[in-house]
Amino acid sequence: MAFPDTGGVETRRNEHNVRIPAGVREGRRLRLPGAGGRGCSGDPPGGLYVTVRIEL
């Protein structure tokens, strides 16, 4: 589902537990298969991409 005020991107808030592998650096993208939004015409959900940001 796309919303015109977001440039055609669906936005929603969810929580996911993500296991960050040892040695991952700032800016690395991790993919969570099946955790993204539903596809068009009833297709299954795609992957959700998470960008790692490290705060000390």
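Biologist: How many salt bridges does a search of the whole structure find?
Modeller: The search finds 1 salt bridge. Please bear in mind that this is a predicted model.

Biologist: Which residue forms a salt bridge with E55?
Modeller: The partner of E55 is R53, and their closest N and O atoms are 3.2 Å apart. In general, side chains of opposite charge can pair when their charged atoms come close.

Biologist: Are R53 and E55 buried or exposed?
Modeller: Both R53 and E55 are exposed. R53 counts as exposed because its relative accessibility is 66%, and the cut-off for that class is over 50%.

Biologist: Let us turn to the fold. How many helices and strands are in the protein chain?
Modeller: The protein chain has 0 helices and 2 strands.

Biologist: How do β1 and β2 run, and how many bridges join them?
Modeller: β1 and β2 run antiparallel, with 4 bridges joining them. Within this pairing, L30 has V50 in β2 as its bridge partner.

Biologist: Which residues of β1 are on the covered face, and which on the uncovered one?
Modeller: L30 and L32 make up the covered face of β1, which comprises residues 29-32, while R29 and R31 make up the uncovered face.

Biologist: Now the loop. Where is the place of P44?
Modeller: P44 sits in the loop between β1 and β2. Its relative accessibility is 63%, so P44 counts as exposed.

Biologist: What does P44 touch, leaving out residues up to four places away in sequence?
Modeller: With those residues left out, P44 touches G37, R38 and G39. P44 and G34 are 10 residues apart in sequence, and their C-alpha atoms are 7.5 Å apart in space.

Biologist: Finally, the chain as a whole. What percentage of the 56 residues is buried?
Modeller: Buried residues account for 11% of the 56. The accessible surface of the protein chain is about 5,200 Å², and carbon and sulfur atoms contribute 49% of that surface.

Biologist: What share of the contacts with a separation of 6 or more involves residues 24 or more positions apart?
Modeller: That share is 25% in the protein chain.

Definitions and conventions. Residues numbered from 1 in each chain as written. Predicted model: local features only at pLDDT ≥ 70, side-chain atom pairs only at ≥ 80, totals over all residues. Heavy atoms only, no water. Buried < 20%, exposed > 50% of the residue type's maximum accessible area, 1.4 Å probe, protein only. Contact = heavy atoms within 4.5 Å. Areas by Shrake-Rupley, 256 points an atom, 1.4 Å probe, with all protein chains shown as cover. Pairing = 2+ DSSP bridges. Salt bridge = Lys/Arg side-chain N within 4 Å of Asp/Glu carboxyl O.
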